[in-house]
Amino acid sequence: DPTFETVSTDLVADTSPQLGGDLDANGNNIAVDGGNNVTIGNNGRLRLGASNALDVYSTGSNGFVENTSGSLNISTVSGAVDINKSSAEYMGRFLVDGAVELYHDNVKKFETRSDGVTVQSSGSSHGINVKHSNGNVVASMHNKGSGDEGYLVLYDAGEVPTITADA
C-alpha cells in the first residue's frame, strides 16, 4: 500500500502524528513544556477521572466545569479563591480564614466578618429589603437622604408599614 510508504515512524521528528484510537500513556505522565498548549476545539472536552466524572469544556460562547459525582472542591492554602469578570474586576472573593466578599460591578457590596456581616452601599437611594418567598417585602432598611442617617420599616402581610424606627 503506497499510503504507508510516506508514514514517518520517527515519533520525535513527526510534527503531526495522528492516532486511530485512544492514546495509552502506559502509566507515564504526558508533559507539555512551558509556552506550549494543549488545544481542544469547541465542544471537545477534557475528561478527568476513571469514570469521566469531571469535564472542562467550551461551547465557543460559554465555558464549563461540570462535575457529575460527589462535590466539586476548589481549595487554596493561602490568599483567596477569586471569581473575576476579568483579571482586574472582582465578582466574588473567598479569603482563607477570613471574609466572603461579593461585588457588583467591581464594588464590594457584601462582606462576612468575624462579628457579622457588612452591606455597603452609596448614594441617596440605597437600602436592604428582606422578602418573603411570595415576593412581599417584610422588612427594609433605607437611607433617609445624603447622610448616614437611615430608618427601619417592618411590614405586615399586606405590605403596610407596621413599625417605623428613625435612626
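Student: Of the contacts between residues at least 6 apart in sequence, how many join residues at least 24 apart?
Tutor: In the protein chain that share is 1%, where a contact means heavy atoms within 4.5 Å. This is a predicted model, in which local features need pLDDT of at least 70, side-chain atom pairs count only at pLDDT 80 or more, and totals for chains, interfaces and linings use all residues. Residues are numbered from 1 along each chain as its sequence is written, and side-chain values use heavy atoms, with hydrogens and water left out.

Student: What secondary structure does the protein chain have?
Tutor: There are 0 helices and 12 strands. Both are DSSP runs numbered from the N terminus: H or I over at least four residues for helices, E over at least two for strands.

Student: And how much of the protein chain is buried?
Tutor: Of its 167 residues, 11% are buried. Buried is under 20% relative accessible area, exposed is over 50%, and partly exposed is in between, with a 1.4 Å probe and protein chains only.

Student: Switching to charges. How many salt bridges are there?
Tutor: The count is 7, a salt bridge being a side-chain nitrogen of Lys or Arg within 4 Å of a carboxyl oxygen of Asp or Glu.

Student: Which residues are linked in a network?
Tutor: Salt bridges link Arg45, Arg47, Asp55 and Glu66. Within it, glutamate 66 pairs with arginine 45, with the closest N and O atoms 3.5 Å apart. That pair links distant parts of the chain, since glutamate 66 is in strand 3 (residues 63-67) and arginine 45 in strand 1, 21 residues apart. Aspartate 55 pairs with arginine 47 at 3.0 Å between the closest N and O atoms.

Student: Aspartate 55, buried or exposed?
Tutor: Buried, at 2% relative accessible area.

Student: Where does glutamate 101 come in, and what does it meet?
Tutor: Its side chain meets that of lysine 108 in a salt bridge, 3.5 Å from N to O. Glutamate 101 is buried at 7%, while lysine 108 is partly exposed at 23%.

Student: Back to arginine 45. Which ring does it lie over?
Tutor: The face of tyrosine 57, at 3.7 Å from the ring centre. The criterion is NZ of Lys or CZ of Arg within 6 Å of the ring centre and within 35 degrees of the ring normal.

Student: How many aromatic pairs does the whole structure have?
Tutor: A search finds 2. Rings of Phe, Tyr and Trp (its six-membered ring) pair if their centres lie within 6.5 Å; planes under 30 degrees apart are stacked, over 60 edge-to-face, and the rest tilted. Tyrosine 57 and phenylalanine 64 are stacked, at 5.0 Å centre to centre and 15 degrees between the planes. Tyrosine 57 is buried at 11%, whereas phenylalanine 64 is partly exposed at 34%.

Student: And what is the geometry of tyrosine 90 with tyrosine 103?
Tutor: Tilted, at 5.4 Å centre to centre and 35 degrees between the planes. Tyrosine 90 is in strand 5 (residues 89-95) and tyrosine 103 in strand 6 (residues 100-104), 13 residues apart. Tyrosine 90 is partly exposed at 28%, and tyrosine 103 is buried at 18%.
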